[in-house]
Amino acid sequence: MTEVPEPLKLETRVGLPADLRCLVEKYPREDWQTHPNLGEMARFWLQRHDMFRELGGMLKAGVADYREDKFASHDFARWFAPRLRFFLQQLQGHHHIEDTHYFPVFAKAEPRMKRGFDLLDSDHHVIHDALERNAQAGTSLLQALQANNGRERFSADAYASENEVLLAMLLRHLGDEEDLIIPLILDRSEEGLGVGI
């Protein structure tokens, strides 16, 4: 894994540096959906990102509702477990495909942006660690709910804290990843990059 300078670390980054924003300046977000080079792969990929945002928000809201007594413990556990499992598994699989297939293809196609793909790869390692902590906190919460041992609130608070950290990093990463990749696709086309479906 490449060493990332402090201002570019996922935990503190506020966006991509100027040298990696050259294509997004040429192809701003408001033009993406109507651009003729936004193909099926890019549309599917953006939908996956939107799904991760939605699921992360659902988990955050669900835990908040439980902490505010809007969910009975057993109802919350039944709602929470499959959503948490799906979110974590899908995110892990999504990152694996990006790391092993898409990032190398994109970095080879545009060597000036290799540093950006190295940055995104580094993000995945940081997010993986946060996913592990999120899974552990989620498991502890489910165990506390099942045991009904008075630790449910403490476990819910601990999970909410881990989830907050994960979501903040994930949202920053998804936005930066889109700002790097979608403009490259619009510039070269999926066919030109060899990533069409």
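N148 is exposed, with a relative accessible area of 59%; exposed denotes over 50% relative accessible area, buried under 20% and partly exposed the range in between, for a 1.4 Å probe and protein chains only. N148 lies in the loop between α4 (114–147) and α5, and its phi is near 50°, a positive value in a residue other than glycine. Most residues other than glycine have a negative phi.

The model is a predicted one, in which local features need pLDDT of at least 70 and side-chain atom pairs count only at pLDDT 80 or more, while totals for chains, interfaces and linings use all residues. Residues are numbered from 1 along each chain as its sequence is written, and side-chain values use heavy atoms, leaving out hydrogens and water.

**Overall architecture**

The protein contains six helices and zero strands, in the order α-α-α-α-α-α from the N terminus. These elements are DSSP runs numbered from the N terminus, with helices (H or I) of at least four residues and strands (E) of at least two. Along the principal axes, the C-alpha atoms fill a box of roughly 55 × 35 × 25 Å. Of the 197 residues, 46% count as buried. Among contacts with a separation of 6 or more, 81% are between residues 24 or more positions apart, where contact means heavy atoms within 4.5 Å.

The accessible surface comes to about 10100 Å², and 53% of this area belongs to carbon and sulfur atoms; the areas come from the Shrake-Rupley method with a 1.4 Å probe, and for residues only the protein chains shown count as cover. The protein has 23 positive and 33 negative side chains, with the centres of the two sets 1 Å apart. Lys and Arg count as positive and Asp and Glu as negative, without His or the chain ends; each charge is placed at NZ of Lys, CZ of Arg, CG of Asp or CD of Glu.

**Aromatic cluster**

A search of the whole structure finds nine aromatic pairs. Rings of Phe, Tyr and Trp (its six-membered ring) pair if their centres lie within 6.5 Å; planes under 30 degrees apart count as stacked, over 60 as edge-to-face and the rest as tilted. Y66 and F76 form a stacked pair, 4.8 Å centre to centre with 20° between the planes. This pair links distant parts of the chain, with Y66 in helix α2 (residues 40–67) and F76 in helix α3 (residues 73–109), ten residues apart. Both Y66 and F76 are buried. Ring pairs link Y66, F71, F76, W79, F80 and Y159 into a cluster.

**Individual residues**

The table lists relative accessible areas for selected residues.

| Residue | Relative accessible area | Class |
|---|---|---|
| P183 | 0% | buried |
| D69 | 58% | exposed |
| F154 | 52% | exposed |

P183 has its place in helix α5 (residues 152–188). Not counting residues up to four places away in sequence, P183 touches L23, V24, Y27, W32 and E178. P183 and Y27 are 156 residues apart in sequence, yet their C-alpha atoms are 5.6 Å apart in space.

F154 is likewise placed in helix α5. The C-alpha atoms of F154 and L141 are separated by 8.4 Å, and the two residues are 13 apart along the chain.

D69 lies in the loop between α2 and α3. Its phi is positive, about 65°, although D69 is not a glycine.
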